[in-house]
Amino acid sequence: WVYGAYAALAIGTVVVSFLRANLFFMATLKASSTLCNKASLGVINSPLSFFTANPLGRILNRFSSDLSQMDEQLAVSLFDTLQI
C-alpha cells in the first residue's frame, strides 16, 4: 500500500504542476494581450502633432521594442512573484 500512496502522490504532483503551468500560461497571455491593447490605443489616440514630430519608423521601432521586452519580461517577473 505504501507504493500506491507514493504513486498517487507522484501523479497528483504531475497533475497539479500541469494545471499550474496552464494557469500561468493563460494569465501571462491575458496580461500581455491587455497591455498590448492599451499600448495600441495610446498610440492611436495620440494627437496628430505627435506623428508629425516623430517619424513613423521611430514610433514603430519603439512600439515593437516595448512590446517585445514586455512579452519577455512579463512571464519571468510573474513566475518569480508566484514562487515567493
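**Contacts of S32**

I first looked up S32, which touches M70, D71 and L74 when residues up to four places away in sequence are left aside, contact being heavy atoms within 4.5 Å. This is a predicted model, in which local features need pLDDT of at least 70 and side-chain atom pairs count only at pLDDT 80 or more, while totals for chains, interfaces and linings use all residues. Residues are numbered from 1 along each chain as its sequence is written, and side-chain values use heavy atoms, with hydrogens and water left out.

I noted that S32 lies in helix α1 (helices are DSSP runs of H or I with at least four residues, strands are runs of E with at least two, and both are numbered from the N terminus). S32 counts as buried because its relative accessible area is 16%; buried means under 20%, exposed over 50%, and partly exposed in between, with a 1.4 Å probe and protein chains only.

**Two further residues**

I then turned to F25, which is placed in helix α1, residues 2-44, and which counts as partly exposed because its relative accessibility is 48%. I looked up its separation from L67, 42 residues away along the chain, and found 17 Å between the C-alpha atoms.

For L82, placed in helix α3, I recorded a relative accessibility of 51%, so L82 counts as exposed. L82 and S17 are 65 residues apart in sequence, and their C-alpha atoms are 13 Å apart in space.

**The whole chain**

I counted three helices and zero strands, in the order α-α-α from the N terminus. The C-alpha trace spans about 75 × 20 × 15 Å along its principal axes. The radius of gyration is 21 Å, whereas a compact globule of 84 residues would have one near 12 Å; the radius is taken over C-alpha atoms, and the globule rule is 2.2 Å times the number of residues to the power 0.38.

I also noted that buried residues make up 7% of the 84 residues, and that the protein exposes about 6900 Å², of which carbon and sulfur atoms supply 70% (areas by the Shrake-Rupley method with a 1.4 Å probe, where for residues only the protein chains shown count as cover).

**Confidence**

Confidence is lowest in helix α3 (residues 56-83), at a mean of 85, and highest in helix α2 (residues 48-53), at 92.

Notes
pLDDT = per-residue confidence, 0-100.
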